[in-house]
Amino acid sequence: MSRRYFIAGNWKMNKTSSEAAALAQGVVEAVGNVSNVDIAICPTFTSLETVEKIIEGSNVKLGAQNMHFEKSGAFTGEISAAMLRELHCAYVILGHSERRQYFKECDCLINKKVKAAVASSLKPILCVGETLEEREANKTIEVVSTQTKGGLDGLTAEEALKVVIAYEPVWAIGTGKTATPAMAQEVHAEIRKVLAGMFGENVAEKIQILYGGSMKPENADELLAQKDIDGGLIGGAALKADSFAALVNSAV
Ligand code: PEP
């Protein structure tokens, strides 16, 4: 496969700065020298600077979990792309299902964020995924295609190459239920088709599509063996350095 594997940890609203420092230290010690896998950890905003100092010089990159699309201004409580870049973030998770569900983020808003991130040289990790109701109503492909098209609307092919997609079935996030490798592969292949339709086959073949949803060391090998699964966006299993390292090692 020409695409590199990418393992990204989404720490969500977990870890104070001192706890984040300890976890980041553990991650660097365990996988900081791995060179053939892209690795990122995404702590809370308040821990970014602390974590950055720890991972500096290693193969572990920094990511944020959200951002605003405007450059600056009267947006109380928000963070801009430039603020994240100044803290040396390389990635930003956008459109996570928890943002869509609890903060009512829609494709149109997420698309503005994707564009603002790309314009600031931050790589968006654009999350897409269906709820249990949508899967049971046979709407998985429709939902995921709409979210992918909506999130990437208006991007050029060159810009699309700077985006990572994460397929995260909502029913699998934090629940211990994982999509079977075949279920995940089917959706990943459909996402790649959507990307090919938007940006051409060559570009689609180069874009990393991660799986997320209760991925852990026990199920990673099978998921990562699928043709269109290029890594994982990891929640719970990223909160311990040894399990995150085991996931990275599955991708080595
Ligand atoms: C996530 O929230 O991005 C995620 C994949 O969580 P978990 O691994 O805990 O299911």
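Begin at the ligand and select the 13 residues that surround it, the closest being I173, G174, G212, G235 and G236; a residue counts as near a molecule if its C-beta atom, placed from the backbone, lies within 6 Å of it. This shell divides into five nonpolar residues, seven polar and one charged, with Gly counted as polar, Asp, Glu, Lys and Arg as charged, and Ala, Val, Leu, Ile, Met, Phe, Trp, Tyr, Cys and Pro as nonpolar.

The model is predicted: local features need pLDDT of at least 70, side-chain atom pairs count only at pLDDT 80 or more, and totals for chains, interfaces and linings use all residues. Residues are numbered from 1 along each chain as its sequence is written.

Next, display the whole protein as a cartoon, which has twelve helices and eight strands; these are DSSP runs, H or I of at least four residues for helices and E of at least two for strands, numbered from the N terminus. Of the 252 residues, 45% are buried, that is, have 20 or more other C-beta atoms within 10 Å of their own, whereas exposed residues have 12 or fewer, with C-beta atoms placed from the backbone.

Now select helix α1, residues 17-31. Its buried residues are A20, L23, A24, V27, V28 and V31. These lie on the same side of α1, because they cover an arc of only 140 degrees around the axis, the arc being that of the directions from the helix axis to the C-beta atoms. Turn to the other side of α1 to find S18 and E29 exposed.

Technical notes:
The expected span of a helix is 1.5 Å times one less than its number of residues.
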